[in-house]
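Please keep the sequence and the model in view while working through them.

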Amino acid sequence: MQKRLTGSTARYLTTTLPYVNADPHIGFAFEIVHADIAARYHTLAGDDVFFNTGTDEHGQKIFEKARAAGKDPQAYVDEYAEKFRRLKGALGLSADIHFIRTTEPRHRAAAQEFWRRCEARGDIYKKLYQMKYCVGCELEKTDSELEKGRCPLHPAQELETREEENYFFRFSKYRQPLLDFYERCPDFVVPDFRFNEIKRFIERGLEDFSISRLATKMPWGVAIPGDESQVMFVWFDALVNYVSTLGWPEDIAQFEKYWGRPEAPRAVQFAGKDNLRQQSAMWQAMLLSAGLPLSRQIVIHGFITSGGQKMSKSLGNVINPYDIVEGYGVDALRYYLARHIHPFEDSDFTMEKFTDAYNANLANGLGNFVARVMALVAKSKIKNQKSKLQFKSQKLRTVLDTATQSYHAAFGAYHIQNVADAVWKLIQAGDEHVQETRPWEGEKQDVLEDLTALLGEIATLLVPILPETAGKIKSALETCTMPAPLFPRE
């Protein structure tokens with residue numbers, strides 16, 4: 001693998017924290033697998049990566065779900081948090097991934113210190129107000145955000161009209177500072193069309209937003225410092241996880257190493273398009289208020305639909321990632337999420353499409369190519385020797401150079417689909433070379449050495465995407481033996 005990145009650079013990558021009011025779904029699996037692929041790539045390149053995920057466990061939806069189930073809220077979130085923690089093994093995530101829960105004492109303490117800093121800046125105040133509130137989003141909505149009087153993300157839920165005295169954050173104060181920041185950092189939000197979307201939102205003007213709830217109505221949250229009658233609004237609390245996971249405010253050395261300094265920000269956040277405002281505007285304004293460095297980049301992905309429709313239990317089209325892993329293996333799911341789900345646009349996922357891709361590109365593609373090459377190698381004189389990248393075939397050398405350049409460039413743009421496509425172009429080129437050279441006809445040692453060298457490069461490039469499969473290919477090459485079928489045909 002020709003590395004584009006060198007040295008040991010500290011890097012911070014994080015997903016959003018899924019809300020634990022339902023089982024893990026394919027949408028979050030997509031987000032965390034893409035983030036894991038990026039984390040593994042940077043680790044492979046020699047970087048020091050802090051990779052974060054976890055669970056968001058406060059707020060009205062959690063409180064109501066726990067009450068409906070007759071459970072204590074803490075017991076309720078403990079049960080669901082464990083389901084999300086198990087994704088580490090189910091999705092083949094990096095062994096050293098960090099997992100933060102917003103009910104942990106360290107997070108509560110960090111959220112309260114964050115509040116104090118914003119309050120000291122004069123950015124928190126109290127007022128009586130009335131608002132239209134979407135429980136599904138856990139956000140207040142302005143009339144311009146509604147479609148036919150309803151939230152477009154949760155059209156089946158009626159908006160609530162609320163009137164109470166809450167604390168507010170002076171979001172309006174940060175309109176120009178945010179626009180100035182966006183001007184200085186033209187690649188802050190990926191992709192560009194999402195960046196344009198948030199800039200237009202900011203340009204229209206900002207309204208201060210509520211950051212607390214009355215404890216008598218909704219007690220399940222982080223207590224406001226100095227005012228036990230209120231708890232923090234779930235979004236204000238949850239966003240602080242990105243720094244509490246680093247030990248902030250106690251462990252400043254670790255915080256500055258991975259989150260960075262104002263002149264050298266490091267944090268890259270992966271989020272869905274429904275989180276665009278929260279991650280790229282609200283959170284950045286909060287960081288400005290608290291006097292902390294802003295994020296380096298926000299990577300926004302689209303939604304996964306099923307059969308052209310939004311997934312829902314009532315439609316019976318919800319895809320459970322655990323079921324796919326049980327039936328096809330973890331790398332089969334990682335492959336599909338990497339290569340067949342667009343990183344930035346909405347994409348459709350059905351089991352029929354998944355099975356077709358599995359058979360065509362894993363069983364008949366990668367799996368067949370590995371089997372053909374290793375069957376020839378096992379019968380040849382190539383024994384226990386490492387192949388070198390001195391191809392006799394200039395065609396293969398050129399294809400490899402082009403593919404690896406595309407591979408690294410795609411990682412730089414967080415375009416995971418193009419990353420996977422670059423590897424599959426190499427697999428296709430290897431298959432074509434087998435057909436053209438027909439190495440099973442007579443002694444063709446040079447051809448076999450080229451093919452094993454190519455397969456070794458493919459295995460290395462696959463490490464971030466299909467770590468388990470890459471390990472099996474490398475083991476087969478080292479022992480010059482036929483591996484068991486990597487992806488049995490369905």
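**Notes on the predicted model**

1. Y414 is buried, with a relative accessible area of 12%; the value falls below the cut-off, since buried means under 20% relative accessible area. The model under discussion is a predicted one. Y414 lies in the loop between helix 15 (394-412) and helix 16 (416-437). The phi of Y414 is positive, near 60°, although Y414 is a residue other than glycine. As background, most residues other than glycine have a negative phi.

2. C480 also deserves attention for its backbone. It is not a glycine, yet it has a positive phi of about 55°. C480 is placed in the segment after helix 18, and it comes just after that helix. With a relative accessible area of 5%, C480 is buried.

3. Helix 18 itself covers residues 467-479, which makes 13 residues. From its first C-alpha to its last it reaches 19 Å, close to the 18 Å expected at 1.5 Å a residue. Which residues of helix 18 are buried? They are T469, A470, I473, A476 and L477. Seen down the axis of helix 18, these buried residues fall within an arc of 125°, so they line one face of the helix.

4. Helix 13 is mostly covered, as 10 of its 10 residues are buried. Among the buried residues of helix 13 are D331, R334 and R339, together with Y335 and Y336.

5. T460 belongs to helix 17. T460 is buried, with a relative accessible area of 14%. Its side chain is joined to that of K474 by a polar contact of 3.0 Å.

6. Six strands form an open sheet in the order 3-2-1-14-15-7, and the pairing is parallel. Strand 3 (98-101) and strand 7 (189-190) stand at the edges, each with a single partner strand, so one side of each is left without a neighbour in the sheet. Helix 3 (residues 73-85) packs on the sheet, where it touches strand 2 (48-55) and strand 3. The direction of helix 3 makes about 165° with that of strand 3.

7. Strand 14 may be examined next. Strand 1 (residues 10-14) pairs with strand 14 in the parallel sense over three bridges, and L13 has V268 in strand 14 as its bridge partner. Strand 14 (residues 267-272) also pairs in the parallel sense with strand 15 (residues 297-301), over five bridges. In that pairing, the bridge partner of F270 is V299 in strand 15.

8. Is strand 14 mostly covered or mostly uncovered? It is mostly covered, with six of its six residues buried. Both of its faces are covered: A267, Q269 and A271 are buried on one side, and V268, F270 and G272 are buried on the other.

9. Strand 9 and strand 11 (residues 227-232) run antiparallel and are joined by three bridges. R213 stands opposite V231 in strand 11.

10. The bond from V190 to P191 is cis, with omega near 5°; P191 is in the loop between strand 7 and helix 7 (192-203). W248 and P249 are also joined by a cis peptide bond, with omega about 5°. P249 is found in the loop between helix 9 (241-244) and helix 10 (252-258). In general, most peptide bonds are trans.

Conventions. Residues numbered from 1 in each chain as written. Predicted model: local features only at pLDDT ≥ 70, side-chain atom pairs only at ≥ 80, totals over all residues. Heavy atoms only, no water. Helix = DSSP H or I, 4+ residues; strand = E, 2+ residues; numbered from the N terminus. Expected span 1.5 Å × (residues − 1). Buried < 20%, exposed > 50% of the residue type's maximum accessible area, 1.4 Å probe, protein only. Arc of directions from axis to C-beta. Pairing = 2+ DSSP bridges. Contact = heavy atoms within 4.5 Å. Axes fitted to C-alpha atoms, helices over the stretch in contact; angles between N-to-C directions. Polar contact = N/O pair within 3.5 Å; in protein donor to acceptor, adjacent residues only side chain to side chain.
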